[in-house]
Amino acid sequence: MSEERGRAGQHLPEASYVLPATAAPSAAVAGERGRFPVRRIYCVGQNYASHAREMGTDPKREPPFFFTKPATALLADQGRLPYPPRTQNLHHEVELVVALKTGGRRIALARALEHVYGYAVGNDFTRRDLQAAAKETGRPWDVAKGFDHSAALGPITPVARLGHAARGAIWLTVNGLEKQRADLDDMTWSVAEVIAELSTYFELAPGDLIYTGTPAGVGPVVAGDVLVGGIEGLGTLTTVVAPAE
Ligand code: MN
């Protein structure tokens, strides 16, 4: 039933293709040779009151809202992000990323964390000018959020090694200067709450990633910038912004 439906986009290993099949996206796991197979990338909008305020939004506790990025947008640690086209205002957003080992629909809050494989540092790169235009016109966010290399992701640290990431510092520097700093417990919606709510919209599955929102301090980057994001216990994520291609 749902097991079959959840795999609708996948094919048996012996399937043949009319074009070379694209390799499935995956992510590094800290301390493991095996990689984490990435299925979907979900993102939470405005999950820290401080960031909601800087974006001109009332930070009261409304239900979290979601958008997605294609899994092919992943960019590994030490990755190079060519300055993307059609923007003059590329922004960084350091975020805690949740990696799921199991999924389901309408997941109970009390059991939500049982589905987590691990956590990582992420950067939800955003074409802020295109996002502002989309908000103004009520158009979709895809071009603002889902562009190539827009989902930077550090190695995933398994829960089995470090437990759940509920508190601890989250920060980001650009060329060594601190731009963002907060604590994970500043999040408006906890990881468990995000999983429970998201699973009322989508059937979650093994391999899904959830970018859980960014704290205040987002800002523009330019070619040549070196960004280092970090979360206490989860290491760092370095991204180099390269010239436009
Ligand atoms: Mn974000």
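**Arg 106 and the ground rules**

I found Arg 106 in the loop between strands E8 and E9. The names of such elements come from DSSP runs, numbered from the N terminus: helices (H or I) have at least four residues and strands (E) at least two. I note that the model is predicted, so local features need pLDDT of at least 70 and side-chain atom pairs count only at pLDDT 80 or more, while totals for chains, interfaces and linings use all residues. Residues are numbered from 1 along each chain as its sequence is written, and side-chain values use heavy atoms, with hydrogens and water left out.

I looked up the backbone of Arg 106 and found phi near 45 degrees, which is positive although the residue is not glycine. Arg 106 is exposed, at 63% relative accessible area. Here buried means under 20% relative accessible area, exposed means over 50%, and partly exposed is in between (1.4 Å probe, protein chains only).

I then turned to His 149, another residue other than glycine with a positive phi, near 65 degrees. His 149 sits in the loop between helix H4 (142–145) and strand E11 (151–153). With a relative accessible area of 30%, His 149 is partly exposed.

**The manganese ion**

Which residues coordinate the manganese ion? I listed Glu 93 (OE), Glu 95 (OE) and Asp 124 (OD), at 2.0 to 2.1 Å. Donors are N, O and S atoms within 2.8 Å of the metal (3.2 Å for Na, K and Ca); water is not among the atoms, so sites may look incomplete. Along the chain, the donors follow the spacing E-x1-E-x28-D. Glu 93 is in the loop between strand E7 (90–92) and strand E8 (94–100), and Asp 124 is in strand E9 (residues 116–124), so this pair ties together parts that are 31 residues apart in sequence.

**The cavity**

I searched the whole structure and got 1 cavity of 30 Å³ or more. The largest cavity holds about 90 Å³ of space. Of its 16 lining residues, Gly 45, Gln 46, His 51, Glu 93 and Lys 145 are the closest to the centre. On a 1 Å grid over the protein atoms alone, a cavity is a set of points where a 1.4 Å probe fits but cannot get out, and lining residues have an atom within 4 Å of a point. Points are joined across faces, edges and corners, and a volume is the space filled by probe spheres set on them.

At least two lining residues come from each of strand E3 (41–45), strand E4 (65–69) and helix H3 (128–137). I sorted the lining of the largest cavity into 5 nonpolar, 6 polar and 5 charged residues. In this sorting Ala, Val, Leu, Ile, Met, Phe, Trp, Tyr, Cys and Pro are nonpolar, Asp, Glu, Lys and Arg are charged, and the others, Gly among them, are polar.

**The cores**

How many residues are in the largest nonpolar core? I found 42, and Leu 96, Val 98, Tyr 119, Ile 195 and Ile 210 have the most contacts inside it. A nonpolar core is a set of buried Ala, Val, Leu, Ile, Met, Phe, Trp, Tyr and Cys residues joined through side-chain atoms within 4.5 Å. The elements giving two or more residues to this core are E3, E8, E9, strand E13 (169–174), helix H6 (191–198), strand E17 (226–231) and strand E18 (235–242). H6 gives the largest share, 5 residues. I also noted a second, separate core of 20 residues, including Cys 43 and Leu 153.

**Strand E13**

I counted 5 of the 6 residues of E13 as buried, so the strand is largely enclosed by the rest of the structure. Thr 173 lies in E13 and is buried at 16% relative accessibility. E13 runs antiparallel to strand E14 (residues 177–183), joined by 6 bridges; two strands pair if DSSP finds at least two bridges between them. The two form a hairpin with 2 residues between them, and Asn 175 in the turn has a positive phi of about 50 degrees. E13 also pairs with E17, antiparallel, over 5 bridges. In that pairing, Ile 170 has Ile 231 as its bridge partner.

**A three-strand sheet**

I traced an open sheet of 3 strands in the order E10-E7-E16, with antiparallel pairing. Strand E10 (126–127) and strand E16 (219–220) are at the edges with a single partner strand each, so one side of each has no neighbour in the sheet. Pro 220 lies in E16 and is exposed, at 56% relative accessible area.

Note on methods:
On a 1 Å grid over the protein atoms alone, a cavity is a set of points where a 1.4 Å probe fits but cannot get out, and a pocket is an open set with protein on both sides within 12 Å along at least five of seven lines; lining residues have an atom within 4 Å of a point.
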